[in-house]
Amino acid sequence: MKVSVKTPATIANLGPGFDSFGLALPLYNVVSVEETVLPGSGIEINIINEKNNEKSELADVPTDKTNIVYKAIELLYNFIGQVPNELKITIKTQIPISRGLGSSSSVIVGGLIAANELLGRPADEKVLMSIATEIEGHPDNITPAFVGGITMSSWEDDGSVVYRKLPWNDDWKLMVCIPDYELNTEISRSVLPKEVPMSSAIHNLKRSAMFVDALYSKDEELLKLALKDKLHQPYREKLVPGLSDIINNLKHINGVIGTVLCGAGPAILVIYNGIGVGEIKEVVSNSWNYFNVETNFLNLPIEKQGAVIL
Ligand code: HSE
């Protein structure tokens, strides 16, 4: 038996909600898991890049037991007191890796749901989310990859994930600006301080509250105020040259509501109200061209659906 699961890309943080807010995008990875019939054939992992022009970006992804999809599936087997013996895992990727678009969460969630189906569904959503978050280290990409839409999540001390889906005003559009270089999440987290000034914590606390209220009340002016951050973006500027210039320059473009780093970067998300597309692209391209960085622009809606079994 073989089970395949399609899981969306995600963008985490969304400005003030570091390690908490996230949204899903209509770009997908598909993970297939099958129990091979030949005893002793072991674990086989194949990774297929469906964007043929960028084969090289997957060259460093491990295909042994250190692969994150395998590690997540192993935890699920352990949860039911077993260990995986003969498994074939196939990962088909469309989501660019190391850009802040949740490619790792997408395959972790896909692999777990597929393996859970294969095992006869021993784990419920709560257990699967908890295992996925343990592997990923934070729940902000995991939750929207699982359930779609826009979410707030919290990884609680007991290992469980508490989440809620938030509403989205479809008049607000997303422009995802993807630079042509990779930024490893571990490196991007390593530049963050262990402690932050109280004023920065208060700044983000207020803005997270504004963010949630702006979504419920569809208040564009409040969202403009909310999409600011002092906990991670300022520290990551050195890894994403041009970030603060882009954020500041886009503020003056008619139609722009706010600009944030996608997860750990380096992609940037511009939330706008439907006008000013040409100017947004011009500002981002000009800033990144200065650093010899090419930009791929994707104008996408939020993916309302999460992971689906094919
Ligand atoms: N919240 C995470 C971070 C998302 O910003 O490091 C990246 O996986």
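Q: How much space lies in the second largest pocket?
A: About 420 Å³. Volume here is the space filled by probe spheres set on the grid points, which are joined across faces, edges and corners. A pocket is an open set of points on a 1 Å grid over the protein atoms alone, where a 1.4 Å probe fits and protein lies on both sides within 12 Å along at least five of seven lines; lining residues have an atom within 4 Å of a point.

Q: What kind of model is this?
A: A predicted one; local features need pLDDT of at least 70, side-chain atom pairs count only at pLDDT 80 or more, and totals for chains, interfaces and linings use all residues. Numbering runs from 1 along each chain as its sequence is written, and side-chain values use heavy atoms, without hydrogens and water.

Q: Back to that pocket. Which residues lie nearest its centre?
A: Leu227, Lys228, Ile247, Lys251 and Thr259. They belong to a lining of 21 residues.

Q: Which element gives the largest share of that lining?
A: H9 (243–250), with 5 residues. Helix H7 (220–226), helix H8 (233–236) and S8 also supply at least two each. Helices (H or I, at least four residues) and strands (E, at least two) are DSSP runs, numbered from the N terminus.

Q: And how does the lining of the second largest pocket divide?
A: Into 9 nonpolar, 6 polar and 6 charged. Ala, Val, Leu, Ile, Met, Phe, Trp, Tyr, Cys and Pro count as nonpolar, Asp, Glu, Lys and Arg as charged, and the others, Gly among them, as polar.

Q: Now the largest pocket. What's its volume?
A: About 1100 Å³. It has 45 lining residues. Nearest its centre are Ile68, Ser98, Ser103, Ser104 and Thr185.

Q: Where does that lining come from?
A: Helix H1 (68–79), strand S4 (87–93), H2, H3 and helix H5 (185–190) each give at least two residues. H2 has the largest share, with 4.

Q: What's the make-up there?
A: The lining of the largest pocket has 18 nonpolar, 16 polar and 11 charged residues.

Q: Switching to backbone. What phi does Asn13 have?
A: Positive, about 80°, and Asn13 is not a glycine. It sits in the loop between strand S1 (2–12) and strand S2 (21–35).

Q: Buried or exposed?
A: Asn13 is buried, at 2% relative accessible area. The cut-offs are under 20% for buried and over 50% for exposed, partly exposed in between, with a 1.4 Å probe and protein chains only.

Q: How about Arg121, buried or exposed?
A: Exposed, at 56% relative accessibility. Arg121 also has a positive phi, about 55°. Its loop runs between helix H2 (103–118) and helix H3 (125–136).

Q: Where is the cis peptide bond?
A: Between Gly265 and Pro266, with omega about 5°. Pro266 is in the loop between S8 and S9.

Q: Which residues of H10 are buried?
A: Ile280, Val283, Val284, Ser285, Ser287 and Trp288. Just after H10, Asn292 takes a positive phi of about 60°.

Q: What covers those buried H10 residues?
A: The cover includes strand S7 (173–179), helix H9, strand S8 (256–261), strand S9 (268–272) and strand S10 (295–300). Contact means heavy atoms within 4.5 Å.

Q: Whole chain, then. How many helices and strands?
A: 10 helices and 11 strands. Of the 310 residues, 53% are buried. The C-alpha trace spans about 65 × 40 × 35 Å along its principal axes.

Q: What share of the contacts joins residues at least 24 apart?
A: 73%, among contacts between residues at least 6 apart in sequence.
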